[in-house]
Amino acid sequence: MNIKTNRDKFPITLGVEEELFLVDSETCDLVTDPDPGFFEDCKNAEGPHKYVHELFRSQIESNSHVCNSMGEVHQFLVESRNTLIELAGKYGATIMAASTHPTGSWQSQITTPMERYDRFAEIYQASVRRFIISGMHIHAGFGDRDIRIRVMTALRRYLPLLHALSTSSPFAASNETGFKSYRLTLVGNLPRTGIPGPMHSYADYDELLQAYRAMNFIKDGSELWWDIRPSHSFPTIELRICDVCTRIEDAMSIVALYASLIRWLMRKEQKGDLLPEPMTEIIMENRWIAQRYGVLSFFGDHGDESGRIDIDDFTRALLDQLIDDAHALDCVEELYRCTSIIREGTCADRQIDLYRMEKLNGSTHQEALAKVIEMIMGDTQSGLGYQ
């Protein structure tokens with residue numbers, strides 16, 4: 001999939017994966033052991049989009065085909081969600097796009113019987129048993145493998161922003177966690193997660209990969225669970241830090257930001273004009289800030305006299321730099337929706353606001369959480385013709 005004009009020297013390919021929860025349409029609880037017919041129906045419904053099992057049977061993952069435009073990415077998100085809603089409805093269920101189920105209990109989950117998942121359960125123990133989370137992964141193919149590594153390294157400083165715009169997991173196991181994305185806390189219980197160190201060629205990456213394999217820590221690159229990584233299966237760089245976006249328009253905004261950043265950085269790389277790399281520790285600090293505060297973040301910034309910069313100021317300045325690339329990718333509207341997400345809040349903000357409003361109006365803790373789940377389910381279907 002190439003998003004480009006005929007004269008574009010910087011073609012980019014994109015693909016999106018969404019991990020979604022299966023919930024009972026009446027009780028809104030996780031469907032811990034779905035009818036096998038649902039998964040068979042998903043397999044039979046595959047065409048350009050694929051549907052695959054996740055670690056727990058209460059989840060399903062949709063994978064896009066290689067898209068040729070931002071319009072095709074949007075079409076995938078609409079079509080795949082519609083398909084899954086229709087198929088799940090045959091079994092009294094539906095899908096929910098959020099990175100945690102607010103009341104989901106890990107103790108009741110059933111893992112998918114696959115050798116890979118059985119091996120992970122044996123090695124990682126409670127870290128895997130509590131891993132009831134969903135994410136959105138975005139693949140981008142561009143340049144040769146050395147350019148992809150250099151651009152991946154340059155993208156690291158922007159990962160906290162991409163994450164903050166996606167946050168959708170403030171509740172877990174019926175608790176308000178105090179984080180806009182509790183998902184990253186659960187991810188962090190596994191090894192080989194977080195921000196990768198700076199690499200400047202494919203050889204740098206391959207040296208590390210082979211060291212891991214020689215020590216028998218991993219079988220292949222698919223077990224490097226960094227926030228961004230070279231894909232093991234495709235010639236792409238895979239963005240993995242983001243929560244699932246409940247609203248499709250928010251997901252499109254993040255895809256547009258990721259693609260525009262890559263094109264901008266490719267142009268800078270060609271000119272030898274990439275910025276010096278910030279310390280990984282500072283990027284990790286900003287990552288934690290994004291996880292904790294979401295769109296209310298103040299990031300550490302070497303270029304600001306105070307040492308900190310408001311996420312809105314940071315984003316607006318960045319978007320101004322990306323405008324030419326957004327025009328080339330035909331995603332200006334989607335890109336500038338980033339500012340609307342910051343102003344209006346993410347799904348995490350809507351969940352917290354509704355929960356607190358319900359509590360003020362006299363609802364019990366569980367009643368308030370039930371309202372939150374209903375809202376997430378409604379927002380998951382927004383833009384699909386159901387509302």
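Tutor: Two strands count as paired if DSSP finds at least two bridges between them. Keep in mind that the model is predicted.

Student: How many bridges hold strand β2 and β3 together, and in which sense do the two strands pair?

Tutor: Strand β2, residues 50-53, and β3 are joined by four bridges and pair in the antiparallel sense. That meets the cut-off of at least two bridges.

Student: What follows β3, and where is C67 in relation to it?

Tutor: C67 lies in the loop that runs from β3 (59-63) to α2 (70-89). C67 counts as buried, because its relative accessibility is 1% and the cut-off for buried is under 20%. As for distances, C67 and R308 are 241 residues apart in sequence, and their C-alpha atoms are 38 Å apart in space.

Student: Now β4. How should I read the two sides of a strand?

Tutor: In a regular strand, side chains alternate between the two faces of the sheet. The next step is to look up the burial of the residues on each face.

Student: Which residues of strand β4 lie on each side, and are they buried or exposed?

Tutor: In strand β4, residues 93-96, A93 and I95 are on one side, with T94 and M96 on the other. All of these are buried, so both faces of the strand are covered.

Student: How many bridges join strand β1 to β4, and do they run parallel or antiparallel?

Tutor: Strand β1, residues 13-24, is joined to β4 by four bridges, and the two run antiparallel. M96 in β4 is the bridge partner of F21.

Student: Is H137, in another strand, buried or exposed?

Tutor: H137 belongs to strand β5, residues 136-141. H137 is buried, since its relative accessible area is 7%. The C-alpha atom of H137 is separated by 20 Å from that of G47, and the two residues are 90 apart along the chain.

Student: Let us turn to charges. What counts as a salt bridge?

Tutor: The test is a side-chain nitrogen of Lys or Arg within 4 Å of a carboxyl oxygen of Asp or Glu. By this rule there are 22 salt bridges.

Student: Which residue forms a salt bridge with E269, and how far apart are the closest N and O atoms?

Tutor: The partner of E269 is R150, and the closest N and O atoms are 2.8 Å apart. E269 lies in helix α9 (residues 248-270) and R150 in helix α5 (residues 145-155), so the bridge ties together parts that are 119 residues apart in sequence. E269 counts as buried, because its relative accessibility is 17%. R150 is partly exposed, as its relative accessible area is 27%.

Student: Which residue does R183 bridge to, and which parts of the chain does that link?

Tutor: R183 forms a salt bridge with D243, with 3.0 Å between the closest N and O atoms. This pair links distant parts of the chain: R183 is in helix α7 (residues 183-187), D243 is in the loop between β11 (237-239) and α9, and they are 60 residues apart. R183 is buried at a relative accessible area of 5%, and D243 counts as buried at 0% relative accessibility.

Student: Which residue forms a salt bridge with D325?

Tutor: R267 does, and the closest N and O atoms of this pair are 2.8 Å apart. Again distant parts of the chain are linked, D325 being in helix α11 (residues 311-329) and R267 in helix α9, 58 residues apart. D325 counts as buried because its relative accessibility is 0%, whereas R267, at 21%, counts as partly exposed.

Student: Last, the surface. Which residues gather in a patch of negative charge?

Tutor: D144, D146, D204 and E207 form that patch on the surface. E207, in helix α8 (residues 202-214), is exposed because its relative accessible area is 59%.

Student: Which residues make a nonpolar surface patch?

Tutor: W288, Y293 and L296 make one of about 320 Å². L296 sits in the loop between α10 (280-293) and β12 (298-300). L296 is exposed, since its relative accessible area is 58% and the cut-off for exposed is over 50%.

Methods:
Residues are numbered from 1 along each chain as its sequence is written. This is a predicted model: local features need pLDDT of at least 70, side-chain atom pairs count only at pLDDT 80 or more; totals for chains, interfaces and linings use all residues. Side-chain values use heavy atoms; hydrogens and water are left out. Patches are made of residues with over 30% relative accessible area and no salt bridge: like charges are joined within 9 Å, nonpolar side chains (Val, Leu, Ile, Met, Phe, Trp, Tyr) within 5 Å. Accessible areas come from the Shrake-Rupley method with a 1.4 Å probe; for residues, only the protein chains shown count as cover. Lys and Arg count as positive and Asp and Glu as negative; His and the chain ends are not counted. The place of a charge is taken as NZ of Lys, CZ of Arg, CG of Asp or CD of Glu. Buried means under 20% relative accessible area, exposed over 50%, partly exposed in between (1.4 Å probe, protein chains only).
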